[in-house]
Amino acid sequence: MDYEKLEAYFLSLDRSMFLEGEYRKLSEMNHPLPIGFGQTISQPSLVLMMTYMLDPDEACRVLEIGTGSGYQTALLSAFSKEVYTVERIPELSRKARERLDAMGYENICYKVGDGSLGWKAHAPYDRIMVTAAASKIPDELLHQLSKGGKMLIPVGPENLQELMLVRKNQDETVEVETVEWVRFVEMKGKYGWNRKD
């Protein structure tokens with residue numbers, strides 16, 4: 001992936017468009033900010049880094065888990081063939097779709113549901129971006145990742161997680177590398193932090 005091209009597009013993307021109320025004036029800060037419902041928009045430097053590490057290209061079909069504000073979705077859309085994005089909170093999904101439609105993004109499909117289960121109907125995916133922290137790598141997402149594909153996912157407890165880069169080889173073996181330490185909101189459902197089973 002051409003980092004300079006990605007960075008130029010990233011810098012042209014007005015983060016304030018993905019925020020509301022008093023937080024819009026804080027959009028240039030390199031910090032996560034609230035977007036309602038206990039969710040956040042990630043800090044810009046992390047969004048840029050994660051997009052670069054995922055390495056999408058114009059032939060890629062990308063699954064995004066956690067639409068949120070749509071900020072990360074916009075970057076993925078600009079550098080991918082198709083983006084399938086899943087958000088568990090209906091209001092956030094609706095707002096993100098309205099926002100991204102108004103901005104002219106046309107290669108995005110939206111779903112409200114449990115992102116930890118992926119979106120089986122459109123699998124497999126060349127890239128999977130997960131923006132909520134799981135207790136472990138969801139089996140469902142591994143199954144939906146194509147051979148030769150990559151997934152980025154934060155895994156670990158509430159205060160600090162490992163950002164894992166997962167690669168599925170052509171023989172379907174999986175390689176996992178920790179690339180950064182991060183702090184994300186919890187992935188609800190089957191792979192949440194507090195499940196006992």
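**Pockets, cysteines and a buried leucine**

Modeller: By class, 11 nonpolar, 13 polar and 6 charged residues line the largest pocket. Ala, Val, Leu, Ile, Met, Phe, Trp, Tyr, Cys and Pro count as nonpolar, Asp, Glu, Lys and Arg as charged, and the others, Gly among them, as polar. This is a predicted model: local features need pLDDT of at least 70 and side-chain atom pairs 80 or more, while totals for chains, interfaces and linings use all residues. Residues are numbered from 1 along each chain as its sequence is written, and side-chain values use heavy atoms, without hydrogens or water.

Biologist: What volume does the largest pocket have, and which residues are closest to its centre?

Modeller: Its volume is about 370 Å³. Of its 30 lining residues, Gln39, Gly66, Gly68, Glu87 and Thr131 are the closest to the centre. Two or more lining residues come from each of strand E2 (39-41), E3, helix H3 (71-78) and strand E4 (82-87). E2 gives the largest share, 3 residues.

Biologist: What makes such a space a pocket and not a cavity?

Modeller: The way out. On a 1 Å grid over the protein atoms alone, a cavity is a set of points where a 1.4 Å probe fits but cannot get out, whereas a pocket is an open set with protein on both sides within 12 Å along at least five of seven lines. Lining residues have an atom within 4 Å of a point. Points are joined across faces, edges and corners, and the volume is the space filled by probe spheres set on them.

Biologist: Which residues line the second largest pocket?

Modeller: Pro32, Thr40, Ser42, Gln43, Leu46, Glu180, Trp181, Val182, Arg183, Phe184 and Val185. The volume of this second largest pocket is about 190 Å³. Strand E9 (residues 174-182) supplies the largest share of the lining, 3 residues. The classes are 6 nonpolar, 3 polar and 2 charged.

Biologist: How many disulfides are there?

Modeller: The structure holds 0. A disulfide needs two cysteine sulfur atoms within 2.5 Å. The sulfur of Cys60 has its closest cysteine sulfur in Cys109, at 16 Å, so the pair is too far apart for a bond.

Biologist: Why does Leu63 count as buried?

Modeller: Its relative accessibility is 0%, so Leu63 is buried. Leu63 lies in strand E3 (residues 61-65). Contact means heavy atoms within 4.5 Å. Beyond neighbours within four places in sequence, the contacts of Leu63 include Tyr84, Val86, Trp119, Tyr125 and Leu141. Gly118 is another of them; it is 55 residues from Leu63 in sequence, but 7.6 Å away in space, C-alpha to C-alpha.

Biologist: How do you know whether the whole protein agrees with a compact globule?

Modeller: The rule is 2.2 Å times the number of residues to the power 0.38, and the radius of gyration is taken over C-alpha atoms. For 197 residues a compact globule would have a radius near 16 Å; the protein has 15 Å, so the two agree. Its C-alpha atoms fill a box of roughly 45 × 40 × 30 Å along the principal axes. Of the 197 residues, 50% count as buried. Among contacts between residues at least 6 apart in sequence, 52% join residues at least 24 apart.

Biologist: How many helices and strands does the protein have?

Modeller: There are 5 helices and 9 strands. Helices (H or I, at least four residues) and strands (E, at least two) are DSSP runs, numbered from the N terminus. Along the sequence the pattern is α-β-β-α-β-α-β-α-β-β-α-β-β-β.

Definitions and conventions. Buried < 20%, exposed > 50% of the residue type's maximum accessible area, 1.4 Å probe, protein only.
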